[in-house]
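Thanks for coming, everyone. Let me put the model on the screen and walk you through it.

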Amino acid sequence: MTWKDRGELFVRYNRNPILTVDDLSYRANSVFNPAAAIVDGKTLLLLRVEDHRGFSHFTVARSKNGIDDWEIDGKPTFFPEPSKYPEEIYGIEDPRITYMDELKMWAIVYTAFSDSGPLPALALTEDFQTFERIGPVAPPDNKDAAIFPVSFNGKWAMLHRPAATGHTLKSNIWISFSPDMKAWGWHQVLFYAREGGWWDAYKIGLSPQPMYTPEGWLIMYHGVRQTTSKISYRLGLVLLDLKDPRKVLRRSEGWVFGPHEWYERSGDVNDVVFPCGWVVVDGELRIYYGGADTSVSLASAKMDDIMKYILECPEEQCPVEHCRFFEGHRDRHSNPKKG
């Protein structure tokens with residue numbers, strides 16, 4: 001398939017950023033990287049808020065139209081409790097929300113920052129007021145995790161990103177399975193960071209939670225490429241098989257959204273767009289993202305346009321002349337139906 005540059009697919013809200021630290025009723029350093037869901041007819045954001053120690057917690061914001069007039073909890077909604085949960089000693093970060101219809105509860109997978117490094121942890125809630133912590137679901141160094149809303153052959157599935165160390169290693173997105181959301185196994189690489197000059201050649205990680213579509217599970221991920229002077233976070237799309245999420249059906253070649261505006265270019269971490277949540281409202285796919293680890297912004301695209309785009313992307317994750325390595329490894333996986 002011949003490469004066709006379609007540019008960016010998402011359009012920014014013209015009054016971005018939609019939330020800053022000044023919108024909170026208590027003092028903090030920054031607000032960013034929110035999870036998102038539709039709850040009781042309102043858009044709910046679970047904001048990551050960083051205090052002036054550098055530690056993060058979560059605060060709920062609600063809006064009828066998902067754009068403005070946000071009702072924000074007057075104090076932290078979900079905060080680290082290292083005396084009970086030592087894995088949270090340095091705070092909690094970057095939540096993703098999934099509604100589990102079988103449980104009639106919301107699952108929140110977040111990054112707990114332990115003394116040994118970051119790791120995914122899980123909590124359940126019915127009302128975003130009280131929370132049941134399940135605890136860590138993977139050891140450090142690992143992050144960018146979310147659970148699928150349904151089980152597969154009796155097992156829950158989770159995407160996550162173990163960190164690689166060393167100049168020759170890459171951080172890839174993995175998938176794991178669990179019969180009870182506590183013990184996770186059947187681990188395998190789902191798709192790889194690409195190589196060389198690609199926009200996602202250094203490391204990749206999950207962005208929002210997996211989204212069901214009739215054509216497959218829609219995945220948005222962030223890719224990071226190191227240049228001589230900086231790193232940049234950009235976003236791409238992947239489509240997974242509905243019945244077997246280990247199968248990658250399509251993967252975008254170019255990025256579909258990247259840092260461009262001042263609130264994405266300059267902040268606590270420059271050149272970052274980082275969504276942890278997305279929702280569909282009246283056929284519009286909305287992503288809520290952190291800009292430069294400082295504020296929250298909104299961008300959107302027609303869902304039909306997104307699906308048309310991803311279905312026109314190649315089945316191969318990367319042309320063989322560019323990425324011979326992972327094309328030779330993409331089918332190596334274990335079977336979650338066994339064991």
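Start with Glu81, Lys84, Glu88 and Arg133: salt bridges link them in a network. Bear in mind that this is a predicted model. In total, the structure holds 22 salt bridges. The general idea is simple. Side chains of opposite charge can pair when their charged atoms come close.

First up, arginine 6 and glutamate 312. Their side chains form a salt bridge, at 3.2 Å from N to O. The two residues sit 306 residues apart, so to speak at distant parts of the chain: arginine 6 in the segment before β1, glutamate 312 in the loop between α2 and α3. Arginine 6 is partly exposed, at 32% relative accessibility. Glutamate 312 is partly exposed too, at 31%.

Next, lysine 170 and glutamate 195. This salt bridge spans 3.7 Å, N to O. Lysine 170 is in the loop between β11 and β12, and glutamate 195 is in the loop between β13 and β14, so the pair ties together parts 25 residues apart in sequence. Lysine 170 has a relative accessible area of 21%, which makes it partly exposed. For glutamate 195 the value is 26%, again partly exposed.

Now aspartate 200 and arginine 251. Their closest N and O atoms are 3.0 Å apart. Aspartate 200 belongs to the loop between β13 and β14, arginine 251 to strand β18, so this bridge joins parts 51 residues apart in sequence. Are these two buried or exposed? Aspartate 200 is buried, at 0%. Arginine 251 is buried as well, at 0%.

On to a sheet. Four strands make an open, antiparallel sheet, in the order β10-β11-β12-β13. β10 and β13 are the edge strands, each pairing on one side only. From one strand to the next, the twist averages 25°. β10 and β11 pair over four bridges. Lysine 143 stands opposite arginine 161 in β11.

The largest pocket holds about 580 Å³ of space. It has 29 lining residues, and the closest to its centre are Lys143, Arg161, Tyr202, Lys203 and Tyr233. β2 gives the most to this lining, with three residues. Which classes make up the lining of the largest pocket? There are 10 nonpolar, seven polar and 12 charged residues.

The second largest pocket has about 290 Å³. Among its 15 lining residues, Tyr99, Gln209, Pro210, Met211 and Trp278 are closest to the centre. This lining has 13 nonpolar residues, two polar and no charged ones.

How values were computed: Residues are numbered from 1 along each chain as its sequence is written. This is a predicted model: local features need pLDDT of at least 70, side-chain atom pairs count only at pLDDT 80 or more; totals for chains, interfaces and linings use all residues. Side-chain values use heavy atoms; hydrogens and water are left out. On a 1 Å grid over the protein atoms alone, a cavity is a set of points where a 1.4 Å probe fits but cannot get out, and a pocket is an open set with protein on both sides within 12 Å along at least five of seven lines; lining residues have an atom within 4 Å of a point. Grid points are joined across faces, edges and corners, and a volume is the space filled by probe spheres set on the points. Ala, Val, Leu, Ile, Met, Phe, Trp, Tyr, Cys and Pro count as nonpolar, Asp, Glu, Lys and Arg as charged, and the others, Gly among them, as polar. Two strands pair if DSSP finds at least two bridges between them. Axes are lines fitted to C-alpha atoms, for helices over the stretch in contact, and angles run from 0 to 180 degrees between N-to-C directions. A salt bridge is a side-chain nitrogen of Lys or Arg within 4 Å of a carboxyl oxygen of Asp or Glu. Buried means under 20% relative accessible area, exposed over 50%, partly exposed in between (1.4 Å probe, protein chains only).
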